[in-house]
Amino acid sequence: MPKLQRMPEPNVEYAYGIYLLTNKHRLIKTLRKRYQPSIHGHKAWGAGFLLMDYINHNGLVKGAQGMEIGCGWGGVSVYCALKYRAKMTAVDLDPAVFPYVDVLAELNGVKVKSRQADFSKLKGTDLGKYRYIMGSDICFWDSLVKPLARVVNRALDNGAKKIILSDPGRPTFYELCDLLAKRHKTRLQEWYAVEPDRFEGEILEVRSS
Ligand SMILES: C[S@@+](CC[C@H](N)C(=O)[O-])C[C@H]1O[C@@H](n2cnc3c(N)ncnc32)[C@H](O)[C@@H]1O
């Protein structure tokens with residue numbers, strides 16, 4: 001069992017070494033009055049904890065450049081920045097998520113670069129600058145499957161070393177896995193997270209061959 005971590009105040013959660021704020025926290029309530037994410041980026045989703053757990057077990061090269069696509073509140077970026085000193089860029093189409101990313105980063109004493117962009121439009125030369133491209137719960141519509149497969153293709157063709165995606169197990173995610181397996185070395189694994197609660201799902205790792 002992990003060490004008991006006392007929370008500094010109500011509505012704060014602790015998972016994989018980072019502090020997070022729940023939707024009931026006063027700072028989140030205040031942010032929500034001004035910024036309302038509209039493409040499901042309104043909380044830290046369970047698949048993000050799945051990704052943190054997976055990385056916790058498998059590690060990252062310290063100080064590497066990483067990009068989190070469809071970052072929402074950016075918990076994965078904050079985790080990678082804190083635990084692996086990763087230089088993280090958190091990308092989301094919805095600009096309303098970035099104040100939440102900033103608050104989480106500040107709360108945990110790390111820097112995360114924010115970038116508003118549609119991940120399907122990121123160029124290969126841009127993606128290829130990052131050793132790791134990660135994303136949790138970002139393949140939730142049929143219309144995202146092919147664009148995400150192309151993002152992964154472009155990233156790997158241009159120098160990215162590893163793509164790590166997590167998902168609760170949506171049919172669209174399995175479609176993405178099938179598409180990527182035709183072209184790359186892939187590993188799909190069932191996984192579970194134990195912090196802040198138990199959460200089960202899938203992890204897909206795609207490597208450059
Ligand atoms: C279900 S949320 C997951 C957020 C976060 N990854 C997590 O696990 O908590 C999906 C996120 O993907 C973002 N998103 C959806 N389509 C996108 C696109 N085409 N480009 C960039 N971000 C996108 C949404 O704005 C939202 O923040």
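This is a predicted model: local features need pLDDT of at least 70, side-chain atom pairs count only at pLDDT 80 or more; totals for chains, interfaces and linings use all residues.
Student: Is Tyr16 buried or exposed, then, and what is its relative accessibility?

Tutor: Tyr16 has a relative accessibility of 7%, and therefore it counts as buried. The residue sits in the loop between strand E1 (12-15) and strand E2 (18-21), and its phi is near 50 degrees, which is a positive value in a residue other than glycine.

Student: Where is Asp137 found, and what is its phi?

Tutor: Asp137 belongs to the loop between strand E6 (132-136) and helix H6 (142-157), and its phi, near 55 degrees, is again positive in a residue that is not glycine. With a relative accessibility of 10%, Asp137 is also classed as buried.

Student: How should I read the angle at which the axes of H1 and H4 cross?

Tutor: The general idea is that an angle over 145 degrees counts as roughly antiparallel. In this structure the axes of helix H1 (residues 26-34) and helix H4 (residues 98-107) come within 10 Å and cross at roughly 155 degrees, so H1 is roughly antiparallel to H4. The crossing of these two helices is right-handed.

Student: Which residues make the contact between H1 and H4, and how many of them are nonpolar, polar or charged?

Tutor: H1 contributes Ile28, Leu31 and Arg32, while H4 contributes Pro99, Tyr100 and Val103. Sorted by class, this contact has five nonpolar residues, no polar ones and one charged residue.

Student: Which parts of the chain does the pair link, and are Trp73 and Tyr100 buried or exposed?

Tutor: The pair links distant parts of the chain, since Trp73 lies in the loop between strand E3 (65-69) and helix H3 (75-84), whereas Tyr100 lies in helix H4, 27 residues apart. Trp73 is buried at a relative accessible area of 4%, and Tyr100 is buried at 3%.

Student: Finally, is the peptide bond from Glu195 to Pro196 cis or trans?

Tutor: The bond from Glu195 to Pro196 is cis, with omega near -5 degrees, and Pro196 is placed in the loop between strand E8 (185-193) and strand E9 (199-207).

Methods:
Residues are numbered from 1 along each chain as its sequence is written. Side-chain values use heavy atoms; hydrogens and water are left out. Axes are lines fitted to C-alpha atoms, for helices over the stretch in contact, and angles run from 0 to 180 degrees between N-to-C directions. Helices (H or I, at least four residues) and strands (E, at least two) are DSSP runs, numbered from the N terminus. Angles under 35 degrees count as roughly parallel, over 145 as roughly antiparallel, 65 to 115 as roughly perpendicular and the rest as oblique. A crossing is left-handed if the near helix is turned anticlockwise from the far one by less than a right angle, and right-handed if clockwise. Contact means heavy atoms within 4.5 Å. Ala, Val, Leu, Ile, Met, Phe, Trp, Tyr, Cys and Pro count as nonpolar, Asp, Glu, Lys and Arg as charged, and the others, Gly among them, as polar. Buried means under 20% relative accessible area, exposed over 50%, partly exposed in between (1.4 Å probe, protein chains only).
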